Amino acid sequence: MSITPRDLSRLQDAPRHPAKPRHKTREVCVGNRVIGGDNPVLVQSMTTTDTFDVEATVAQIKRLEEVECELVRVTVPKPEDAAVLSKIRSRIGIPLICDIHFDYKMALMALDHPVDKIRINPGNIGGYDRFRQVIRKAKERGLPMRIGVNAGSLERELVEKYGFPCPPAMVESAIRYIEIAESEGYHDMIVSLKSSDVPTAVEAYRLFAQMCDYPTHIGITEAGKPPYAVTKSAAGLAPILLDGIGDTIRISLLGDPVPEIAAAFDILQATQRRVRKPELIACPTCGRLAIDLEKIIADLEKRLEGRRTAVKVSVLGCVVNGPGEAREADIGIAAGNGKGVIFRNGDIVRHVLEAEMVDALIEEIDHWESDQEKAGKSTKETPAPGRKRLPVVV
Ligand code: SF4
């Protein structure tokens with residue numbers, strides 16, 4: 001049977017390093033952090049306590065801080081919640097965001113306290129005039145605001161105009177409120193366009209990024225219970241992040257918020273938007289396996305816990321893909337019959353027995369780190385989409 005050969009010439013022009021540059025957004029200060037621009041995509045979470053219960057709320061925020069949450073949001077539905085914002089703020093080390101729904105008076109009240117940012121859902125705040133009052137007060141206080149559009153609470157007329165809560169309806173809603181704020185001379189805005197429907201959220205963020213340069217808070221709302229919720233969040237956030245969109249991220253998980261932080265950092269790591277730990281490449285194993293790979297990876301993970309080196313380490317279980325992957329990684333092992341060959345930057349550096357592999361890999365990572373430092377490549381580099389090697393980012 002004859003075949004028509006495909007035209008391969010277009011491959012010459014195809015991007016070799018496919019990461020897209022970060023979408024250019026303006027910078028907005030939130031306490032001592034900056035969202036947007038070239039700043040790292042910040043990881044945030046939200047407490048699940050009654051905010052007025054200061055001890056419980058601070059204790060939960062401290063647990064979030066321990067896992068390196070960078071911004072935290074608390075709900076403020078009642079005056080007694082607003083009344084304790086100052087106490088909470090004085091006992092935590094990360095910027096505090098107050099979350100307001102329905103009652104614009106609660107927004108005005110919360111803004112009397114030393115918070116670092118306010119989040120409102122314009123679709124349920126009670127109309128444009130009330131929104132304007134909140135904007136004026138935020139401007140007077142010099143505080144930023146998240147305009148949190150949600151597909152579940154869009155203005156009725158927009159739902160009627162577009163037929164259902166779809167991406168253009170969400171973006172039009174956001175732009176309406178942005179323009180009201182701009183008419184008040186207020187620009188310290190961060191925007192979210194959340195939906196529990198992954199395709200809707202992805203398209204809403206893409207559409208918004210084509211029209212605005214305000215930084216975005218990204219997330220898949222009401223993702224549900226882990227582990228599916230983490231997978232669903234990754235499915236939705238990966239296309240957004242790979243398009244270069246997103247300046248702060250929250251993974252919404254049912255239950256304790258602490259696991260949200262590791263999930264967010266893992267999604268940022270996998271999309272190479274914020275690489276802050278070693279990337280371990282390991283094969284799934286199969287009948288060709290020549291070493292105890294599960295044990296080696298478990299030991300390696302334990303030994304690398306807390307390490308902030310953005311090094312790419314590959315450990316493959318046999319000679320099928322081992323040498324190829326090992327050459328592409330910063331450090332790699334190609335294993336075979338209880339021993340292995342270690343590669344560093346593509347060159348063979350030593351042969352080791354299976355029992356020595358973990359120690360040898362750690363030694364090689366130490367060498368790699370000091371070589372990087374000697375070459376002036378600190379672990380504090382700015383993200384560089386398109387680099388062959390992983391970008392090194394805090
Ligand atoms: S690298 Fe080897 S052991 Fe691992 S999955 Fe592939 S063929 Fe199997």
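**Entry 1: F102**

I looked up F102 and counted 14 C-beta neighbours inside 10 Å, so F102 counts as partly exposed. The scale I use calls a residue buried if 20 or more other C-beta atoms lie within 10 Å of its own, exposed if 12 or fewer, and partly exposed in between, with C-beta atoms placed from the backbone. F102 sits in the loop between β5 (96–100) and α5. Its phi is positive, about 70 degrees, although F102 is not a glycine.

I note the ground rules here. The model is predicted, so I take local features only at pLDDT of at least 70 and side-chain atom pairs only at pLDDT 80 or more, while totals for chains, interfaces and linings use all residues. Residues are numbered from 1 along each chain as its sequence is written.

**Entry 2: the whole protein**

I find 14 helices and 15 strands in the protein. Helices (H or I, at least four residues) and strands (E, at least two) are DSSP runs, numbered from the N terminus. The C-alpha trace spans about 70 × 65 × 40 Å along its principal axes. The protein has 394 residues, and 43% of them count as buried. I then turned to contacts: two residues are in contact if their C-beta atoms, placed from the backbone, lie within 7 Å. Of the contacts with a separation of 6 or more, 64% come from residues 24 or more positions apart.

**Entry 3: helix α6**

I checked the length of α6 (residues 128–141). At 1.5 Å a residue its 14 residues should span 20 Å, and the end C-alpha atoms are 20 Å apart, which agrees. The expected span is 1.5 Å times one less than the number of residues.

Which residues of α6 are buried? They are F131, V134, I135 and A138. They cover an arc of only 105 degrees around the axis, which puts them on the same side of α6. The arc is that of the directions from the helix axis to the C-beta atoms. An α-helix has 3.6 residues a turn, so residues three or four places apart point the same way. On the other side of α6, D129 and E140 are exposed.

The buried residues pack against α5 (104–110), β6 (117–120), β7 (145–150) and α8 (167–183). After α6 comes G142, with a positive phi near 70 degrees.

**Entry 4: α8 and its two partners**

I took α6 and α8 together. They pack at an angle of about 50 degrees, and their axes are 10 Å apart. Axes are lines fitted to C-alpha atoms, for helices over the stretch in contact, and angles run from 0 to 180 degrees between N-to-C directions. α6 and α8 are therefore oblique to each other. Angles under 35 degrees count as roughly parallel, over 145 as roughly antiparallel, 65 to 115 as roughly perpendicular and the rest as oblique. Y128, F131, R132 and I135 of α6 make the contact with Y177, I180 and A181 of α8.

Next I looked at α8 with helix α9 (residues 198–211). Here the angle is about 45 degrees, and the axes are 8 Å apart. That makes α8 oblique to α9. P167, P168, M170, V171, A174 and I175 in α8 meet T200, E203, A204, L207, F208 and M211 in α9.

**Entry 5: helix α14**

I repeated the length check on α14 (residues 357–374). Its 18 residues reach 25 Å from first C-alpha to last, close to the 26 Å expected at 1.5 Å a residue. M357, V358, L361, E364 and I365 are its buried residues. Their arc covers only 120 degrees around the axis, which puts them on the same side of α14. D359, D366, S370, E373 and K374 are exposed on the other side.

What covers the buried residues of α14? The cover includes α12 (293–304), β12 (312–316), β13 (331–336), β14 (339–344) and β15 (347–353). G376 follows α14 and has a positive phi, near 75 degrees.

**Entry 6: single residues**

I281 lies in strand β11 (residues 279–282). I281 has 16 C-beta neighbours inside 10 Å, so I281 counts as partly exposed. Leaving aside neighbours within four places in sequence, I281 is in contact with K312, V313, S314, E325 and A329.

T285 is in the loop between β11 and α12. T285 is not a glycine, yet its phi is positive, about 75 degrees.

Last, I noted a cis peptide bond that joins P226 and P227, with omega about 5 degrees. P227 is in the loop between β9 (217–218) and α10 (228–242).
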